[in-house]
Amino acid sequence: MLFLWLYMFYSCAGSCAGLTTRGSPAPPRVAPPLPPLLPGEPGEESSLEEQRAAPDAGSPISSFFNGSGTKRLPQAIIIGVKKGGTRALLEFLRVHPDVRAVGAEPHFFDRNYERGLAWYRDLMPRTLEGQITMEKTPSYFVTKEAPARISSMSKGTKLIVVVRDPVTRAISDYTQTLSKKPDIPTFESLTFKNRTTGLIDTSWSAIQIGIYAKHLENWLLHFPIGQILFVSGERLISDPAGELGRVQDFLGLKRIITDKHFYFNKTKGFPCLKKAEGSSKPHCLGKTKGRTHPDIDQEVVQRLRDFYRPFNMKFYQMTGQDFGWD
């Protein structure tokens, strides 16, 4: 009899809970309060229903709804330099199955730092155990605050700098600006504070970025030289597989990206991928890459080479690499 009574009690527990006394309205159901949003997280724009339904980022349920893996802060960052070949390097690296990278430049450590690490992490792709999370923002290399900020996030972050002949880089930088603002002054007029005296205007960003030794000194205050890999922009064009081999070694990855992944596009003048990430088709960088440079007065080019030479020599000594720019 006791067992029969218990059976009836538990059977009724679910269905009888909603019954009320005849004539008495059922009490309204109150939704549980929403958890507070972390400062700076982009969830503020999502609906309340989406916030309630969203599983925790690190839970197994999250993996079921949002794809397997976890969003992690990057273990490696391509920090520079602008017009050095950073986009090409990132696209090449994304072919590797153990590399997951953000496509767009987050600009977290220079423009969006106040948004917080939670916001930054949310931008990252999901990774599985053993995969590397990466991003690239070339302006970090010349941002004074970036080294300390990245070190504060993780002192073990691996840094990659793609460098290129600073004179060619400056002309490429100018060419990009010219394509957007056709009415800007000539390269020659922007290069000098006073052309008669030959004084170079180092306040012009196109010139200033190429003083690599000066910027590197700031990074070495926070990171050992062995934690920074310097990739030659020139060799990235002439021998992409060779440079990618060095990068894969630096990141502790198996050398999967090899010569078989590249072909040389004579029209663009640089290597392209036979198969891009997630595609079976060949892939070259967009029309904004490989622009034709304007003709620059050779006297101005020589003046710039003379200006950069001592900085280049110091940079070679600091990195232990001769990039052959002179």
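1. G85 lies in the loop that runs between strand 2 (76-80) and helix 4 (86-93). The model is predicted. With a relative accessible area of 24%, G85 counts as partly exposed, because that class begins where buried, under 20%, ends.

2. T137 sits in another loop, between strand 5 (132-136) and helix 6 (146-153). Is T137 buried or exposed? T137 is buried, and its relative accessible area is 0%. Its side chain makes a polar contact with the side chain of E135, at 2.8 Å.

3. The surroundings of T137 can be listed. Leaving aside neighbours within four places in sequence, T137 is in contact with I78, I79 and G80, and also with E105, P106, H107 and D110.

4. Now the helix pair. The axes of helix 10 (residues 212-219) and helix 13 (residues 298-319) come within 8 Å. They cross at roughly 35°. Helix 10 contributes Y212, A213, L216 and E217 to the contact. Helix 13 meets them with F311, K314, F315, M318 and T319. Sorted by class, this contact between helix 10 and helix 13 has six nonpolar residues, one polar and two charged.

How values were computed: Residues are numbered from 1 along each chain as its sequence is written. This is a predicted model: local features need pLDDT of at least 70, side-chain atom pairs count only at pLDDT 80 or more; totals for chains, interfaces and linings use all residues. Side-chain values use heavy atoms; hydrogens and water are left out. Axes are lines fitted to C-alpha atoms, for helices over the stretch in contact, and angles run from 0 to 180 degrees between N-to-C directions. Helices (H or I, at least four residues) and strands (E, at least two) are DSSP runs, numbered from the N terminus. Contact means heavy atoms within 4.5 Å. Ala, Val, Leu, Ile, Met, Phe, Trp, Tyr, Cys and Pro count as nonpolar, Asp, Glu, Lys and Arg as charged, and the others, Gly among them, as polar. Buried means under 20% relative accessible area, exposed over 50%, partly exposed in between (1.4 Å probe, protein chains only). A polar contact is a pair of N or O atoms within 3.5 Å; within protein, one must be able to donate a hydrogen and the other to accept it, and residues adjacent in sequence count only if both atoms are side-chain atoms.
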